[in-house]
Amino acid sequence: MTTIEKAMAMLPARGYLDMEIPGGTDLVAEINHMRKEKNAIILAHYYQTGDIQDIADFLGDSLQLARAAENTDADMIVFCGVHFMAETAKILNPTKKVVLPDLLAGCSLADSCSGEGLRELKKEHPDAIVVSYINCDSGVKAESDIIVTSSNAEHIINSLPQEQKIIFAPDRNLGRYINQVTGRNMILWDGACIVHEAFSLERIAQQMLDHPKAKLIAHPEAQKPVLQVAHYVGSTANLLNYVVNDSAEEFIVATEEGILHEMRKRAPGKKLIPALTIDDTCNCSECHFMKLNTMQKLYLCMKYEQPEILMDEEIRLKALRPINKMLELSKAIK
Ligand code: SF4
């Protein structure tokens, strides 16, 4: 069952979206008021819309958000991201209420792999440990030994014995990239992110010709040919730091477009060019799952404290173990 199917099964829990917002409501003021009144914290991923990023208490990529969720003393975590991220916050905070503005905010990558499927693959390789990218659901996390993010995957894989056999799930592009930079031969699950897979090498090459001074920076979820020509490959947070700190003045950015909002704020003088995708008729470098969250839904979600992320306790405990392992192994990383 995909994240979307699971969410659809819970559709009554979206009834809050039918509630009317009175005309003239100042959403920002109301959200700020509810945040204080309910002792809530708003966590937002860099791929959210600019208005949501601006109102968040904490903005970050998957690793930064997992750490923020681990350390908060708020009573309610309002997670502006996608379902698996809100689940991760719940796994780390079982006693806190975790809500997500739209329950249908899923992820193509998380949906490519299930706990049952991974269990079958493990049977074929009984001597392998499972390292899973954090972009997976709680069932997959529960079947994993270590969780990684794109910020810490290389560091964590390098910390494992060279002879250790590893299954890497669910992103084949990130797995292939980690194999290349660590010299490993991990067994890769065949999943992908629809946004990062859509970047077109041919169109990006033309952009590089049109902007000869620009550096191409790419997220490792992009396909190998794009990564091979990139000047820099890094996680969302590392791409942001690179733009801020590098001496170049122009960048072609091959990741979800939402990050450009924070890049523009932190590096106001620099020219940022979204990398082009295979389809020139759509905004393919926008994640439509992420963009399901809106300020209106954020307001309603905080007001009615729905939809809440709920989880089976046995799965939660199994999924917690590999996340804690990641947080322990990645302490040395900023
Ligand atoms: S950008 Fe890709 S990996 Fe991230 S939530 Fe969207 S579909 Fe999933």
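User: Hey, how do helix α5 and helix α16 cross, and how close do their axes come?

Analyst: In this predicted model, the axes of α5 (residues 83–92) and α16 (residues 313–329) come within 9 Å and cross at roughly 95°. Angles of 65 to 115 degrees count as roughly perpendicular, so α5 is roughly perpendicular to α16.

User: Nice! Which residues make the contact?

Analyst: From α5, the contact uses T88, K90, I91 and L92. From α16, R316, A319, L320, I323, N324 and L327 take part.

User: And what classes are those residues in the contact of α5 with α16?

Analyst: Six are nonpolar, two are polar and two are charged.

User: Switching topic: what surrounds the ligand?

Analyst: Around the ligand you'll find Y47, V82, C107, S108, N135, C193, V195, E221, C287, F289 and M290.

User: How many of the residues in that shell are nonpolar, polar or charged?

Analyst: The shell has eight nonpolar residues, two polar ones and one charged one.

User: What kind of space does the ligand take?

Analyst: The ligand takes up the space of the largest cavity.

User: What is R172 in contact with, leaving aside neighbours within four places in sequence?

Analyst: Its contacts are then L188, W189, D190, G191, A192 and E197.

User: What about I273, how far is that from R172?

Analyst: Their C-alpha atoms are separated by 26 Å. Along the chain, R172 and I273 are 101 residues apart.

Terms used:
Residues are numbered from 1 along each chain as its sequence is written. This is a predicted model: local features need pLDDT of at least 70, side-chain atom pairs count only at pLDDT 80 or more; totals for chains, interfaces and linings use all residues. Side-chain values use heavy atoms; hydrogens and water are left out. A residue is near a molecule or strand if one of its heavy atoms lies within 4 Å of it. On a 1 Å grid over the protein atoms alone, a cavity is a set of points where a 1.4 Å probe fits but cannot get out, and a pocket is an open set with protein on both sides within 12 Å along at least five of seven lines; lining residues have an atom within 4 Å of a point. A molecule sits in a cavity or pocket if more than half of its atoms lie within 2 Å of its grid points. Ala, Val, Leu, Ile, Met, Phe, Trp, Tyr, Cys and Pro count as nonpolar, Asp, Glu, Lys and Arg as charged, and the others, Gly among them, as polar. Axes are lines fitted to C-alpha atoms, for helices over the stretch in contact, and angles run from 0 to 180 degrees between N-to-C directions. Helices (H or I, at least four residues) and strands (E, at least two) are DSSP runs, numbered from the N terminus. Angles under 35 degrees count as roughly parallel, over 145 as roughly antiparallel, 65 to 115 as roughly perpendicular and the rest as oblique. Contact means heavy atoms within 4.5 Å.
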